[in-house]
Structure formats: C-alpha cells, structure tokens
Amino acid sequence: MINAIHFYRIARWLYLHHIPILPKFIQLVIFIVYNCNIPYKANIGKGSFFNHAGMGVLINPHVSIGENTKIGNNCSIVGQGPYKNAPIIGNHVYIGPGAVIQGPVVIDDNVIIAPNCVVTKSVPQYAIVAGVPAKIIGDVRKLDYDIFKMSRGMITFIPIWKTKKYTEFIFTG
C-alpha cells in the first residue's frame, strides 16, 4: 500500500503553489483511505514517513515535523487549548505506535518516544521517553543499535547505474 506521506507531499506542493481545491480533495482521500488526518498545512520534513502507511495518524495543521522522522500508526500530534502553539518535532525522531504528543511542546533532535506514551512536556535532545505522562528513561547515544538504520535504507533510492557492480559490469564486459 502506498504511504500516506506521498499523498501529503502532493497536496502540500499544490498548497504551496496556490492551487485551490485539490489539496483539500487529496486530504479527503487520505482520510477515507487511511483513516487519518494529515493536513497539507502541516510542515513535514523530507525523509519523514509513517509506519504502516499512516493508518490512524492525527496531526494538527500547525505542527512542524523535522526531517527523517518515523511516525507509528495511531499517533496523535495535537495542540492543547488554550495554547495557540502546536508541537514542534525535530529531526531523526522516532514516535512509537499509539503515542500522543499534546500541547505546545518541543521535541528536540534524535529522540525516541516509546509506544503508547503521552508527551505533555518538551523533550531534550538524545532522550528516550516512555510512560503516561512521559518521563526520560534513557539516552539514545547509549543504545547498541541505530533505530533509523533500517528506515534510511528503505527511504534511499539509488539508481542502478550509480552502483559499483553495474558500472563494473558495463565497463569490464
């Protein structure tokens, strides 16, 4: 199944180029097909994507999401009244399935938010947070693995003619 982020990118491009009605139509298609609300007015950085095609994701239109952020299914990234500001999420953030990010919070770069976690306060760089409400339980730099290593490989597309094996085959016969 095509990831909802692809439809979002088309709608966002249309919105930024002042093409009316089509972004709203694409947002409606995203809602019907994926049962999620990913508004074209939200700012989602390149390389970011949704796990499981984005099923059940809810994002506030004023949210800003950095690059290479991985968002699990059934996540909610919403504001909180009476505050006008929405969450700001940095680069290389992993948001586990079912997580809720609520209020005018800032999630710094290289953060892991555990599944079913409720974040109501800002999270510093390199933190791992879990629980209801979210508390810091660890440091990303102390992990034995890179949670983004697999996703980077899935996002990156290298044309076959730029690979070493292909060029060796062509030029060596």
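1. Leaving aside residues up to four places away in sequence, Thr69 touches Gly47, Ser48, Phe49, Ile89, Gly90, Asn91, His92, Val93 and Ile95. Contact here means heavy atoms within 4.5 Å. Thr69 sits in the loop between strand S4 (64–65) and strand S5 (70–71). Thr69 is buried, at a relative accessible area of 1%. Buried means under 20% relative accessible area, exposed means over 50%, and partly exposed lies in between (1.4 Å probe, protein chains only). The Thr69 side chain also reaches the backbone oxygen of Gly66 at 3.5 Å.

2. A word on the basis. This is a predicted model: local features need pLDDT of at least 70, side-chain atom pairs count only at pLDDT 80 or more, and totals for chains, interfaces and linings use all residues. Residues are numbered from 1 along each chain as its sequence is written, and side-chain values use heavy atoms, with hydrogens and water left out.

3. Now the whole protein. It has 4 helices and 14 strands. These are DSSP runs numbered from the N terminus: helices (H or I) have at least four residues, strands (E) at least two. Of its 173 residues, 38% count as buried. Among contacts with a separation of 6 or more, residues 24 or more positions apart account for 28%.

4. How many strands form the open sheet? There are 4, in the order S1-S4-S7-S10, with parallel pairing. Strand S1 (43–44) and strand S10 (106–107) stand at the edges; each has a single partner strand, so one side of each lacks a neighbour in the sheet. Two strands pair if DSSP finds at least two bridges between them. S4 and strand S7 (residues 88–89) pair over 2 bridges. Ile65 stands opposite Ile89 in S7.

5. Strands S13 (residues 127–130) and S14 (residues 135–139) run antiparallel, joined by 4 bridges. Ala130 has Lys135 in S14 as its bridge partner. There are 4 residues between the two strands, and Gly131 in the turn has a positive phi of about 105 degrees.

6. Which residues have the most contacts inside the largest nonpolar core? They are Ile38, Phe50, Ile59, Ile77, Ile95, Ile107 and Ile113, in a core of 38 residues. H1 gives the largest share of this core, 5 residues. A nonpolar core is a set of buried Ala, Val, Leu, Ile, Met, Phe, Trp, Tyr and Cys residues joined through side-chain atoms within 4.5 Å. Ile38 touches Phe50 and Ile59, among others.

7. The count of aromatic pairs is 2. Rings of Phe, Tyr and Trp (its six-membered ring) pair if their centres lie within 6.5 Å; planes under 30 degrees apart are stacked, over 60 edge-to-face, and the rest tilted. Phe7 and Tyr34 have ring centres 6.1 Å apart and planes at 55 degrees, so this pair is tilted. Phe7 is in helix H1 and Tyr34 in helix H2, 27 residues apart. Phe7 is partly exposed at 25% relative accessibility, whereas Tyr34 is buried at 2%. Tyr15 and Tyr40 form a tilted pair, 5.1 Å centre to centre with 50 degrees between the planes.

8. Last, the start of the chain. Met1 lies in the segment before helix H1 (4–16). Is Met1 buried or exposed? Met1 is exposed, with a relative accessible area of 72%. Its contacts include Val33, Tyr34, Ala53 and Met55. The C-alpha atoms of Met1 and His52 are 8.6 Å apart, though 51 residues separate them along the chain.

Technical notes: Polar contact = N/O pair within 3.5 Å; in protein donor to acceptor, adjacent residues only side chain to side chain.
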